[in-house]
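Here are my notes on the model, point by point. Please keep the structure open while you read.

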Amino acid sequence: MVLVIVLGLLSIAYGSTFIALGDVLNALAHFAGLSDLATTVPIERIIVDLRLPRAILGLCVGAGLGIIGAMLQTVTRNDLADPFLFGLSSGAAAGAVSVISLFGDRFGVWTLPIAAFSGGMLAAIIVLLLVRRVQGQGPERMILAGLAVSFIFTALANYMVFSGDQRAAHSVLFWTLGGLGIARWDNLPLALIGLASILVFALYNHRNLDAFLAGENTAESLGVRVNRTRNIVFIVCAFSTAIFVSVSGVIGFVGLMIPHIARRFSGQLHAGLIVTCALFGSILLLSSDLVARLLLAPQELPIGVVTSSIGAFFVVTLLLRKG
């Protein structure tokens, strides 16, 4: 938690213009009503209106994606499960791309979040319908259905990029690789709703999730309705993922990496694992955002480039260790 706070302060201090930590603390104290000593107006506006919402958004999205990855890996018993694997991120990205490339801002500033959320939920519904159409509803079928839906929505997004307004290609690229640049006070409640939904659900159902660790037959004997629980977990994860993508774009590999790292500190049981994933997810995304802003400063690198680079190295390490 100390590291989360430190990274949050550094995220506010660093950017295209460096702001001394003393000024950051003064501005935050003044904003919270804890001090009458104010910094200059331009600096305080940068801190309070731009960088503080960005840091809070990074904390919410990182924590939420970490929890989502842990839950999906548990109910599917797949170490590589994350929102990417089930088409949730691809569906939300396709919804956002449709607005950027084809339809435009029909509903003002909320058009993009609404389209991304709708795309993510549509992908989740299609996956569940595909699973219900085949014999049995095991995790393998859900993974295969998710991969198919992911490829479909990725192809659809690529088609819309090339058939739509070519001038929007840069915006589409940045959106599909993720970033925290659209963080504002008015869209932060969306991210908080996404985090609260997945966090409360995971902690409330931590014993049912623990039962999955012993296998599906044992979980059934303990009174857990395995298929029903798996589907509910998938729907809640889809809901939160769609919200996160609607405010930050597609940020890959966070949900895949964080549960593996967190288990080394918290163990397998979910009461501790969920909280640890939330903290570690926040740390990863805040630090990745710092790297994304400083590596090519003053130009901002999409945060997905950073997390994907770390994720590729992590997966290779994971494979070598298991080999």
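1. Start with α1 and α13. These two helices pack at an angle of about 25 degrees, with their axes 9 Å apart. Angles under 35 degrees count as roughly parallel. Therefore α1 and α13 are roughly parallel to each other. Their crossing is left-handed. Bear in mind throughout that this is a predicted model.

2. Who makes this contact? From α1 come L3, V4, L7, G8, L10 and S11. From α13 come L279, S282, I283, L286, S287, D289, L290 and R293. By class, the contact of α1 with α13 has eight nonpolar, four polar and two charged residues. D289 and R293 of α13 are among the residues that take part.

3. Now take α1 with its other partner, α2. Helix α1 covers residues 2-13, and helix α2 covers residues 21-31. Their axes come within 9 Å and cross at roughly 100 degrees. The range 65 to 115 degrees counts as roughly perpendicular, so α1 is roughly perpendicular to α2.

4. Which residues of α1 and α2 meet? L9, I12 and A13 in α1 touch L21, V24, L25 and L28 in α2. The contact divides into seven nonpolar residues, with no polar and no charged ones.

5. Back to α13, which spans residues 270-294. S288 is found in this helix. Is S288 buried or exposed? S288 has a relative accessible area of 1%. The cut-off for buried is under 20%, so S288 is buried. The side chain of S288 reaches the backbone oxygen of L284 at 2.8 Å. Which residues does S288 touch, leaving aside its neighbours within four places in sequence? They are I303, V306, T307 and I310.

6. C277 is also placed in α13. C277 counts as buried because its relative accessibility is 0%. Leaving aside neighbours within four places in sequence, C277 is in contact with A63, G66, I67, A70, I258, P259 and A262. How far is C277 from V305? The two are 28 residues apart in sequence. In space they are 21 Å apart, C-alpha to C-alpha.

7. Next, look at α5 and α6. Helix α5 runs over residues 111-133 and helix α6 over residues 139-163. The axes come within 9 Å and cross at roughly 135 degrees. α5 passes α6 in a right-handed crossing.

8. The α5 side of this contact is L122, A123, I126, V127, L128, L130 and V131. The α6 side is R141, M142, A145, G146, V149 and F153. By class, there are 11 nonpolar residues, one polar and one charged.

9. Last, S150, which lies in α6. S150 is buried, because its relative accessible area is 9%. Which residues are in contact with S150, once its neighbours within four places in sequence are left aside? F84, G87 and S90 are.

10. To check on screen: find S288 and its 2.8 Å reach to the backbone oxygen of L284. Then view the left-handed crossing of α1 and α13. Compare it with the right-handed crossing of α5 and α6.

Technical notes
Residues are numbered from 1 along each chain as its sequence is written. This is a predicted model: local features need pLDDT of at least 70, side-chain atom pairs count only at pLDDT 80 or more; totals for chains, interfaces and linings use all residues. Side-chain values use heavy atoms; hydrogens and water are left out. Axes are lines fitted to C-alpha atoms, for helices over the stretch in contact, and angles run from 0 to 180 degrees between N-to-C directions. Helices (H or I, at least four residues) and strands (E, at least two) are DSSP runs, numbered from the N terminus. Angles under 35 degrees count as roughly parallel, over 145 as roughly antiparallel, 65 to 115 as roughly perpendicular and the rest as oblique. Contact means heavy atoms within 4.5 Å. Ala, Val, Leu, Ile, Met, Phe, Trp, Tyr, Cys and Pro count as nonpolar, Asp, Glu, Lys and Arg as charged, and the others, Gly among them, as polar. Buried means under 20% relative accessible area, exposed over 50%, partly exposed in between (1.4 Å probe, protein chains only). A polar contact is a pair of N or O atoms within 3.5 Å; within protein, one must be able to donate a hydrogen and the other to accept it, and residues adjacent in sequence count only if both atoms are side-chain atoms. A crossing is left-handed if the near helix is turned anticlockwise from the far one by less than a right angle, and right-handed if clockwise.
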